[in-house]
Amino acid sequence: MPGTSPAVTAEWSITISMNSSSIPLLDMRGIRVTFGSFVANDAVDLAVAAGEIHALLGENGAGKSTLMRVLAGLLVPAAGEIRIDGKIEPIGSAHEAMRLGIGMVHQHFMLVPTLTVAENVCLGLASTGRFIPDLKTAAAKIRELAKTYGLDIDPNARIADLSIAGQQRVEILKALYRGARILILDEPTAVLTPQEAEGLFRILRSLAAQGTAIIFISHKLNEVMALTSKVTVLRLGKVVATAVTAETDARGLARMMVGAEINLPKLEDVLIAEAANGPLKGEVWAERDPILSVTDLICRNPRGPVRVDRVNLVVKAGEIVGVAGVDGNGQQELAEAIVGLRSAESGTIAIEGEDVTRANVARRIALGLAHIPEDRHRTALVEPMSIRDNAVLERIGDAPFSKGGWIDRQAIDGLTAAIIRDFDVRASGPDQPVGTLSGGNQQKVVLGRALSRDPSLLVAVQPARGLDVGATAFVHRQLLARRAAGAGVLLVSTELDEILALSDRIVVMFKGGIVGELARADVTVERLGLMMAGRAA
Amino acid sequence: MSTTELTRAPRFRLPPALSGSIAAVIAAFLVGAVLIAAVGVNPLTAYGALFEAALGTKNGLAETLVRTVPLALCGLGIALAFRAGVFNVGAEGQLFLGGTAAGAVGVAGAGLPALVLLPAMALAAMAAGALWSGLAAWLKLRFRSDELITTIMLNYVAIHLVSFLLHGPLKDPNGALAQTARLTADARLPVLLGGTRLHAGILIVLVAVVLAHLFLWKRTNGFRLRVVGLNPRAAENAGMNVRGTILFGFLVCGALAGLAGFAEVAGVQRRMIENLSPGFGYTAIIVALLGQTNPFGVLAAAFLFAALQIGASTMESAAGVPSTLTTVIQGLVVLFLIGRAALPLIRDWFGRRFGGGR
């Protein structure tokens with residue numbers, strides 16, 4: 001393809017010259033998107049200049065993704081206009097968005113793992129050659145681009161062999177290769193260790209310095225403060241504020257995002273209160289009974305790789321043990337093995353001293369296990385069924401909910417009413433199908449069902465995923481309450497803030513194994529980050 | 001009503017599932033009417049003749065009820081299996097084996113009192129049907145074979161196996177045809193209405209419908225069955241025995257289809273014959289779907305389809321509309337039932353194609 005290769009550098013010089021004028025590179029005005037009667041975006045303005053890193057901040061459901069889907073050509077707004085370089089552009093398709101220089105790095109990567117970096121980057125591009133792709137030239141271009149922006153990428157590497165951070169760099173490069181001048185990153189740090197996130201920030205700063213406009217979607221305030229130059233806060237589909245980041249503070253942003261100040265509960269506060277009332281529980285830790293003991297556990301996918309690799313773990317009464325790690329390092333599988341959804345290849349699992357390695361789920365529940373699974377839609381709830389049916393799912397065979405196999409509707413109604421009341425489930429009534437509840441209310445049903453059994457062992461996997469701050473605070477308070485009631489809690493999460501706020505002890509998983517364990521007092525984010533990358537600290 | 005304030009209280013509303021079934025039937029009859037008109041007949045005349053024949057006379061009503069029996073029993077079994085997430089299309093073969101077992105026991109036990117012989121025949125029929133669907137269950141649970149394939153294949157095996165038995169070991173030694181000897185009076189279901197073929201099988205149906213209803217909505221195992229069918233992973237996470245429940249779904253379907261075979265043998269044919277069923281086990285799949293896998297709904301759907309089939313030949317002779325029209329209507333009912341889910345898609349497509357667009 002003669003004539004296209006120098007375009008990359010030429011384009012940037014144009015952009016930089018544009019930067020000197022006062023017209024923003026991207027200017028979205030009065031964007032309105034509705035789904036039926038629901039208004040997802042209402043009169044949203046967003047202007048981003050070349051060379052600017054602009055944070056788009058908001059809770060789940062605030063309308064960030066909707067706005068970005070409009071920009072990426074995946075949604076046509078009901079009202080509003082989009083200007084690129086001051087010119088109104090109707091973006092009607094993803095292809096058009098690409099032509100205009102808009103590139104998006106999705107949270108879940110769109111890469112073919114068996115292909116090389118160069119093959120993935122060129123996928124679907126006619127410019128590479130329709131029948132016989134000229135990958136050599138492409139690889140050279142990729143190398144050049146990578147050098148320009150400080151991206152460490154080998155064009156001939158296979159995607160499957162790259163780390164998550166490496167794959168993310170490929171996604172960024174893919175967008176740049178397609179001529180992106182406006183780069184959207186959707187929660188890019190969710191899959192990274194803190195160190196990897198730092199590396200990403202360096203790349204983004206270098207891109208901005210050379211004229212790219214970057215939209216950084218996040219709900220992590222410290223990242224927004226550290227990286228971005230401007231910030232737009234969305235709440236309930238509307239812009240609450242647009243500000244220069246340096247002139248705001250994390251606290252103020254949080255308040256704008258949530259609409260009210262909500263303090264997430266912390267174990268530290270509990271410990272301070274306990275210290276005031278008597279000796280610390282930790283002093284007699286060795287003497288406490290183990291609720292859960294995992295010994296040399298190995299799990300493997302059917303005819304596949306080892307997912308849990310010789311894990312040893314103890315959870316004692318009255319403590320929260322956090323399992324940290326980058327997503328996909330065996331935490332999910334460990335939790336499944338403990339609750340009985342996955343069989344162990346070798347090793348043992350004991351609950352309250354009883355070996356349950358080969359026991360079914362029912363036996364583990366009888367011993368006091370409760371499970372808050374990561375995927376509540378698939379694993380926890382029967383969505384077409386009512387709140388009432390879901391409330392009694394694990395206990396239908398127990399008195400008083402049934403006698404001699406006959407269901408006692410009244411007893412179940414009592415349980416359901418108690419869960420709706422105690423866990424503040426917002427619903428039209430016990431007959432409402434669980435699938436029609438909001439995510440937060442669904443999670444309250446899951447929590448309420450688990451905790452109404454007064455479990456001695458609680459396995460909670462990503463218990464706050466997809467919840468707003470208010471619901472997260474509620475979930476965290478419930479976990480702390482279980483700890484106070486003497487239950488053992490195993491908290492699996494990829495959110496470091498969550499782990500740090502709630503755990504008595506933290507173990508870190510990497511590639512199926514436990515890299516190390518940190519007591520609450522010894523934890524620093526740096527040490528955790530190193531361990532999450534596989535280095536024992 | 002003690003629930004929260006509803007801004008607009010619905011006066012009376014059918015459950016969406018039920019209204020969907022009724023709509024599908026009405027739509028099928030409307031399209032059928034167009035076809036009848038195309039033949040040059042007044043649709044009202046044709047439908048009038050059909051339902052007059054099926055419901056308007058003592059004998060017609062009796063025949064409709066006789067035909068309701070196998071459709072309802074098989075439909076009930078298929079519906080329960082559906083509820084457990086099992087798509088058993090093997091009721092036909094299970095019915096044939098059930099009928100054969102009933103016939104064999106009935107012939108062998110000649111001389112025993114009816115109170116012993118009839119239950120023995122029924123139990124043998126249920127066991128044979130359950131055994132046959134149990135085979136498909138084993139294939140699914142052991143090898144993850146899709147029951148949609150295995151049950152339909154096992155139908156052919158079953159029907160040919162029955163044919164072999166009727167030509168060989170079970171053949172009436174005093175006859176030329178491939179059938180068992182005639183059952184004695186004590187091996188027959190009593191006739192309920194003199195001068196008709198209406199037999200006590202319809203009472204078995206009513207009992208089965210009530211029992212199935214109680215099981216699904218009042219018993220813990222019925223609750224578990226519904227949970228497994230809707231979300232097996234959540235069922236497992238809640239400590240339920242998912243594999244056992246799936247096995248049960250297969251077995252109960254086989255047993256009920258086998259019982260239908262017994263009712264046909266002991267109530268209608270009075271011996272096991274080679275062509276026991278004109279596809280009851282297949283029509284029953286539509287019956288289960290149209291009845292929304294609800295026991296009383298299944299009964300109503302079975303009655304409707306029985307009436308259609310009984311009235312069809314009269315419609316042909318009285319109004320000159322081919323009786324195969326009823327098959328067309330059955331097919332249309334299925335299309336409209338399944339197609340209901342596609343309605344929003346079709347609307348969207350039209351909207352994109354001919355609506356505002358860009």
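**Exercise 1. Find the domains of chain A, and describe how domain 1 meets domain 2.**

Step 1. In this predicted model, the domain assignment divides chain A into domain 1 (7-258), domain 2 (265-368 + 457-463 + 474-537) and domain 3 (378-454).

Step 2. Look at where they touch. Five residues of domain 1 of chain A are in contact with six residues of domain 2 of chain A. On the domain 1 side of this contact there are three nonpolar, two polar and no charged residues.

**Exercise 2. Work out the strand order of the open six-stranded sheet in chain A, and find what packs on it.**

Step 1. Reading across the sheet, the strands of chain A come in the order 16-19-20-13-21-22, and their pairing is mixed. At the edges are strand 16 (369-372) and strand 22 (513-519) of chain A, each with pairing on one side only. On average, neighbouring strands are turned by 15° against each other, direction ignored.

Step 2. Zoom in on one pair. Strand 13 and strand 20 of chain A run parallel and are joined by four bridges. Here V323(A) stands opposite V492(A) of strand 20.

**Exercise 3. Check the length of helix 17 of chain A, then find its surroundings.**

Step 1. Helix 17 of chain A covers residues 469-484, which is 16 residues. At 1.5 Å a residue, helix 17 should span 22 Å; its end C-alpha atoms are 22 Å apart, so the two agree.

Step 2. Pick out the buried residues of helix 17: among them are V469(A), T472(A), V475(A), H476(A), L479(A) and R483(A).

Step 3. Find the partners. The buried residues of helix 17 of chain A pack against several elements of chain A, including helix 9 (250-258), helix 16 (439-451) and helix 18 (496-502). Helix 17 also lies across strands 13, 19 and 20 of chain A, running at about 150° to strand 20.

Step 4. Finish at the end of the helix: G486(A), which follows helix 17 of chain A, has a positive phi near 95°.

Methods:
Residues numbered from 1 in each chain as written. Chains lettered and ligands numbered in written order. Predicted model: local features only at pLDDT ≥ 70, side-chain atom pairs only at ≥ 80, totals over all residues. Helix = DSSP H or I, 4+ residues; strand = E, 2+ residues; numbered from the N terminus. Expected span 1.5 Å × (residues − 1). Buried ≥ 20, exposed ≤ 12 C-beta atoms within 10 Å, placed from the backbone. Contact = placed C-beta atoms within 7 Å. Pairing = 2+ DSSP bridges. Axes fitted to C-alpha atoms, helices over the stretch in contact; angles between N-to-C directions. Domains from an automatic or database assignment. Nonpolar A, V, L, I, M, F, W, Y, C, P; charged D, E, K, R; others polar.
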